[in-house]
Amino acid sequence: MEVRVENGGSYEVGKSGWGKSLPVPSIQEIVINHGVKEQILEKIKAAVAAFFELPFQEKKKYAKAENETEGYGQNFVVSEHQKLDWSDMIYLLILPSQNRNFKFWPLFTREASEEYSREMQKIAEELQANFSVLMGLKRDGLKRLQGGELKQGIRKNYYPICSRPDLVLGCSPHSDGTSFTLLLQDDDVPGLQIKHNEAWVPVKPIPNSLVVNIGDATEIQSNGMYKSIEHRAIINEKKPRISIATFLFPDDEQEIGPVETMIDDQNHPKLYRNIKHVDYVREMFSRKMEGKAHSTQFMKLHDK
């Protein structure tokens with residue numbers, strides 16, 4: 001599995017020099033040679049496209065209930081007056097498998113979703129093991145601290161065309177409250193942008209690659225060494241776009257906070273307080289998506 005970094009360099013995951021080559025202030029990686037068969041990637045893209053091509057009344061059968069995150073419909077809607085994102089989406093809880101609610105799974109998408117999910121979990125486990133080493137732990141260090149296997153959710157997105165793309169966003173600026181997010185982009189239609197040095201930088205799709213975004217949970221656990229990335233999605237006026245985001249995150253009741261190996265009272269004091277992951281996510285939802293500054297800021301300890 002090879003990772004390409006924004007500056008054009010590359011490195012192999014697991015080698016001793018991996019951490020030193022990361023542009024720590026703003027990490028955004030593109031994973032290639034990940035071992036996932038092209039047919040699995042094409043199959044999930046076709047299933048997602050087929051779902052969003054259904055008539056609205058058919059898609060509505062999978063609609064989420066009020067105050068729930070799973071199902072068809074937008075998240076982070078906290079007011080009847082807020083401006084909604086120019087997008088259509090369905091979110092599914094995938095792992096642990098006993099938490100699956102198949103009433104939200106269109107039958108014709110199940111096989112593709114399950115195959116894709118298994119491959120994403122393998123990549124996530126490798127990422128988690130390597131970040132454990134980067135943080136001075138054994139390969140299973142973060143896995144043990146996070147209560148075992150990372151949980152997984154998948155959000156399938158559809159961004160319709162808009163005659164005035166300058167007036168809307170497909171997805172508002174935010175960072176993810178995850179450990180890691182794996183994004184499969186549309187090969188033909190760009191839309192993802194990351195914030196770097198106060199400017200929005202487009203992430204050009206590379207066929208059959210995965211974008212890896214570091215999430216807030218990893219930023220907190222690394223005591224700010226590995227930053228979560230603020231990103232957004234823009235709209236195309238000529239072509240619709242799909243994407244598939246796989247979220248990997250700790251157990252709800254697991255407490256997250258800086259690991260001891262990342263704290264040095266003299267040079268690297270503890271920057272973030274500890275919090276249960278479920279409470280962190282609730283705080284995120286209550287704030288809608290207001291950019292990265294609002295995601296981890298409430299977690300920071302005040303200077304004494």
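Two strands are counted as paired if DSSP finds at least two bridges between them; helices (H or I, at least four residues) and strands (E, at least two) are DSSP runs, numbered from the N terminus. The model before us is predicted, so local features need pLDDT of at least 70 and side-chain atom pairs pLDDT 80 or more, while totals for chains, interfaces and linings use all residues. Residues are numbered from 1 along each chain as its sequence is written, and side-chain values use heavy atoms, with hydrogens and water left out.

I begin with strand β8, residues 180-185. The strand pairs in the antiparallel sense with β11 (residues 210-214) over four bridges, and L182 stands opposite V212 there. With β13 (residues 241-249), β8 forms a further antiparallel pairing, over six bridges; in β13 the bridge partner of L182 is T246.

How many of the six residues of β8 are buried? Six of the six are, so the strand is largely enclosed by the rest of the structure. Buried here means under 20% relative accessible area, exposed over 50%, and partly exposed in between (1.4 Å probe, protein chains only). F180, L182 and L184 cover one side, and T181, L183 and Q185 the other.

I turn now to the aromatic rings. Rings of Phe, Tyr and Trp (its six-membered ring) pair if their centres lie within 6.5 Å; planes under 30 degrees apart are stacked, over 60 edge-to-face, and the rest tilted. The count is eight aromatic pairs. In one of them, F131 and F180 are tilted, at 5.3 Å centre to centre and 55 degrees between the planes. This pair links helix α3 to strand β8, 49 residues apart.
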